Amino acid sequence: MTDHNIPENQNVDLEQELSDIIENIIKYHKEAPVSLIRKAFDFSKNAHQGQLRSSGDEYLTHPLMVAKILCDMRMDVATIVTGLLHDTVEDTHVTLKTIEDNFGKDTAHLVDGVTKLSKLQFRTTEEKQAENFRKMFIAMAQDIRVILVKLADRLHNMRTLHFIADQRQQRIAQETLDIYAPLANRLGISWLKIELEDLSFRYLKPEIYYKLVEKVSQKKQERQAYITDVMEEINKTLKKYDIKASVKGRPKHFYSIYKKMETQNLDFDQIYDIIGFRINVEKISECYEVLGIIHSIWKPVPGRFKDYIAMPKANSYQSLHTTVVGPRGERVEIQIRTHEMDLVAERGIAAHWQYKDGHVEVTNIKKFTWLAQLVEYQKELKDPSEFLETVKVDLFPGDIYVFTPRGKVLELPVGSTPLDFAYEIHTEIGHHCVGAKINGRVMPLKTKLKSGDMVEVMTDPARNPSKDWLHFIVTSRAKSKIRKYIKDEQRQRGLELGKELCEKIFRRYQLNFRDIHAKGELDRVASKMNYKTTEDLILAVGYGRVGADHLVKKYLPPESLSQVEKEKELLPVKKNLAESKKEEGLKGSIRVRGMDDILVRFAQCCNPLMGDAITGFVTRGRGVTIHRSQCSKMLASDPQRKIDVGWDQTAQVERKIKIRVVCQDVKGLLMEMSQVFSNSGVNIVNASIRTTRDKKAINIFTVSVTSTEKLRQVMRNMEALDGVISVERM
């Protein structure tokens with residue numbers, strides 16, 4: 001476990017680093033065409049001439065360090081060359097054609113897959129991010145090496161993140177934790193996943209991170225002595241049974257300790273199994289033999305044994321996991337695996353590389369079926385928010401194994417329900433699911449499944465998906481199928497309402513809307529109003545985005561129109577006095593397509609705050625409701641009901657936000673927490689506090705704040721207090 005507070009070396013000897021890369025690659029790939037690496041180094045040096053990094057180093061340092069990380073991952077020459085060239089197309093005058101002419105199609109293809117989409121224009125940052133990931137996953141499916149370059153690029157950027165502004169640090173660190181660390185995990189590269197998680201944690205929760213660093217270092221000598229004692233005991237015992245094994249012990253990394261503290265509401269001093277041991281043996285049979293020996297000398301903790309050898313994880317990871325009560329009564333986690341399994345656990349996909357005649361071949365690529373699923377989703381999901389959420393969910397590997405009545409094994413994420421199981425089998429089975437039997441007993445659809453459960457799904461053709469299902473299902477497949485059904489239903493209702501409104505208005509002008517629509521006479525109007533089809537235009541009327549009388553005026557020639565007051569594009573919204581008072585001040589903080597006179601309300605489900613990414617949702621007769629872009633309710637809605645909105649940065653409107661603080665139940669801590677709010681100029685509107693049996697206090701504070709930046713500052717200061725375990729926005 002290391003502290004990543006290491007500044008980028010201002011005096012990197014670039015030539016020496018290049019020599020080290022070439023020397024290292026020859027060790028694992030003797031026939032490698034290493035002259036290409038020198039050529040790519042010179043090419044990149046010329047292309048980036050005069051460019052500097054935020055650290056002040058010349059830009060070439062970055063691609064060279066990316067190439068070095070790829071070399072440490074034992075990649076082939078084409079991938080290492082891509083590491084050296086990956087920013088040339090984006091940041092310099094170099095074209096893909098030039099890359100292909102100089103380094104071949106393979107490298108040009110890899111560079112294209114890695115290149116960011118910064119030159120394309122998107123309406124929102126979220127849309128840009130979604131399209132970036134779409135391209136990345138498609139490129140990955142074609143050549144898995146693309147993501148390895150991308151991961152190496154992200155790792156070096158994270159190692160040097162302290163040179164950029166705080167706000168960008170937060171955004172990049174969150175993206176790394178959401179997407180890149182899980183990707184490294186999915187590819188089975190554990191060391192990379194661990195480093196990305198710890199680096200992200202350092203920037204997202206600096207107060208908690210450094211508090212942990214300090215507490216871990218305080219007990220360093222004591223812990224090292226304990227590790228030595230346990231290793232000696234294991235080695236001595238295994239020797240008696242004539243088993244050759246290598247035994248290693250080390251503390252868990254900071255982020256995994258923090259996650260345990262957060263999920264179990266524990267203080268650092270209450271976490272006992274922060275030390276893990278790994279035993280590597282020659283054969284699979286010896287793994288189980290060692291497990292029996294370990295359980296004979298130390299008592300196993302019930303429910304903490306997992307067999308990933310018989311049932312490997314989706315990323316090919318295999319190992320036996322057990323937690324025992326070791327010497328001095330301390331809980332110790334032990335992993336037992338073969339040397340080959342250990343290689344796959346550390347190097348992941350790269351452990352399947354085979355070099356032949358100067359080229360790389362990948363074996364066992366079929367194990368990475370989740371990638372094909374991601375590519376399939378990107379075709380179906382057009383909404384950027386939904387696509388990003390699907391990617392995040394799908395990147396976290398399944399951790400439970402359940403059985404169909406015929407004995408087929410399905411791997412699902414932890415927390416999955418019988419409904420997730422039903423959708424995993426087939427969409428129609430999920431849609432018509434009415435109940436399930438778990439191990440022969442009828443159980444509610446909300447029941448969380450456990451490894452080893454046998455699940456039988458009960459269906460009814462008359463049953464259809466419910467919006468309520470979205471509150472408890474887990475898998476991205478189930479969520480996307482249910483949302484699609486709901487959107488289709490919404491669309492159908494919107495069309496029916498739109499037609500009804502149009503018929504009513506057209507009748508006032510002695511016109512038959514149905515005949516006009518059937519003859520295609522509204523196609524011209526739809527085109528003029530920037531709608532792809534007449535159906536889209538009618539839908540906009542049904543959703544309240546366009547007035548039906550505005551449509552009829554566009555259809556009729558001016559001379560045929562009676563003198564009526566011109567209507568606005570969006571239906572006028574009548575505000576009653578109560579609503580006006582309730583929303584007073586809110587309208588001024590939000591811009592809706594440059595319009596002023598429209599009712600604006602904030603959604604209670606996600607409670608947006610100045611600085612959050614937001615989306616407007618047109619509600620017929622109620623104006624525009626503002627949601628956070630990632631709000632789950634928005635993901636289940638027809639994109640045609642969404643409207644572009646933005647914060648008016650000049651307006652300072654206070655919003656009520658809830659913060660949940662879990663802490664030790666100690667005297668004086670509540671006063672310290674109140675002082676944090678007071679010192680930040682934040683007013684506490686309401687406070688609810690309850691204590692638990694294990695001497696914890698769960699505090700819910702409702703506070704008035706003006707921006708996410710102010711809220712983040714308060715939360716950081718709160719996290720820095722001794723005795724505070726976790727702080728989260730509700």
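Biologist: How many salt bridges does a search of the whole structure find?

Modeller: The search finds 20 salt bridges. Please keep in mind that this is a predicted model. Let us go through a few of the pairs together.

Biologist: Happy to. Which residue forms a salt bridge with Asp 101?

Modeller: The partner of Asp 101 is Lys 97, and their closest N and O atoms are 3.0 Å apart. Both residues belong to helix H6, which covers residues 96-103, and a spacing of four residues puts them about one turn of the helix apart.

Biologist: Are Asp 101 and Lys 97 buried or exposed?

Modeller: Both Asp 101 and Lys 97 are exposed. Asp 488 counts as partly exposed, because its relative accessibility is 40%.

Biologist: What about Glu 175: with which residue does it form a salt bridge?

Modeller: Glu 175 pairs with Arg 154, with 2.6 Å between the closest N and O atoms. Glu 175 and Arg 154 are both buried.

Biologist: And where is Thr 176 placed?

Modeller: Thr 176 is in helix H10 too. It counts as buried because its relative accessibility is 0%. From Thr 176 to Arg 154 there are 22 residues in sequence, yet the C-alpha to C-alpha distance is 7.7 Å. Beyond four places in sequence, the contacts of Thr 176 include Arg 154, Met 158, Leu 196 and Ser 200.

Biologist: Which residues are linked with Arg 38 in a network of salt bridges?

Modeller: Glu 15 and Asp 42 are linked with Arg 38 in that network.

Biologist: Let me turn to cysteines. How many disulfides does the structure hold?

Modeller: The general idea is that a disulfide is a covalent bond between the sulfur atoms of two cysteines. This structure holds zero disulfides. Cys 287 counts as buried because its relative accessibility is 0%, and Cys 502 counts as buried at 0% as well.

Biologist: Now a sheet. What is the order of the strands in the open sheet of three strands?

Modeller: The order is E12-E11-E13, and the pairing is antiparallel. E12 (441-443) and E13 (455-459) stand at the edges with a single partner strand each, so one side of each has no neighbour in the sheet. On average, neighbouring strands are turned by 35° against each other, direction ignored. Strand E11 (residues 433-438) pairs with E13 over five bridges in the antiparallel sense. There, Cys 433 stands opposite Thr 459 of E13.

Biologist: Last topic, confidence. Where in the protein chain is it lowest, and where is it highest?

Modeller: The general idea first: where pLDDT is low, the predicted coordinates should not be read in detail. In this chain the lowest confidence is in helix H26 (residues 577-582), with a mean of 39, and the highest is in helix H15 (residues 284-297), at 92. Over residues 1-9 the pLDDT is below 50, and the model gives this stretch 30 contacts beyond near neighbours in sequence. For the chain, the average pLDDT is 78, and 79% of the residues score at least 70.

Terms used:
Residues are numbered from 1 along each chain as its sequence is written. This is a predicted model: local features need pLDDT of at least 70, side-chain atom pairs count only at pLDDT 80 or more; totals for chains, interfaces and linings use all residues. Side-chain values use heavy atoms; hydrogens and water are left out. pLDDT is the predictor's confidence in each residue, from 0 to 100. Helices (H or I, at least four residues) and strands (E, at least two) are DSSP runs, numbered from the N terminus. Contact means heavy atoms within 4.5 Å. A salt bridge is a side-chain nitrogen of Lys or Arg within 4 Å of a carboxyl oxygen of Asp or Glu. Buried means under 20% relative accessible area, exposed over 50%, partly exposed in between (1.4 Å probe, protein chains only). A disulfide is a pair of cysteine sulfur atoms within 2.5 Å. Two strands pair if DSSP finds at least two bridges between them. Axes are lines fitted to C-alpha atoms, for helices over the stretch in contact, and angles run from 0 to 180 degrees between N-to-C directions.
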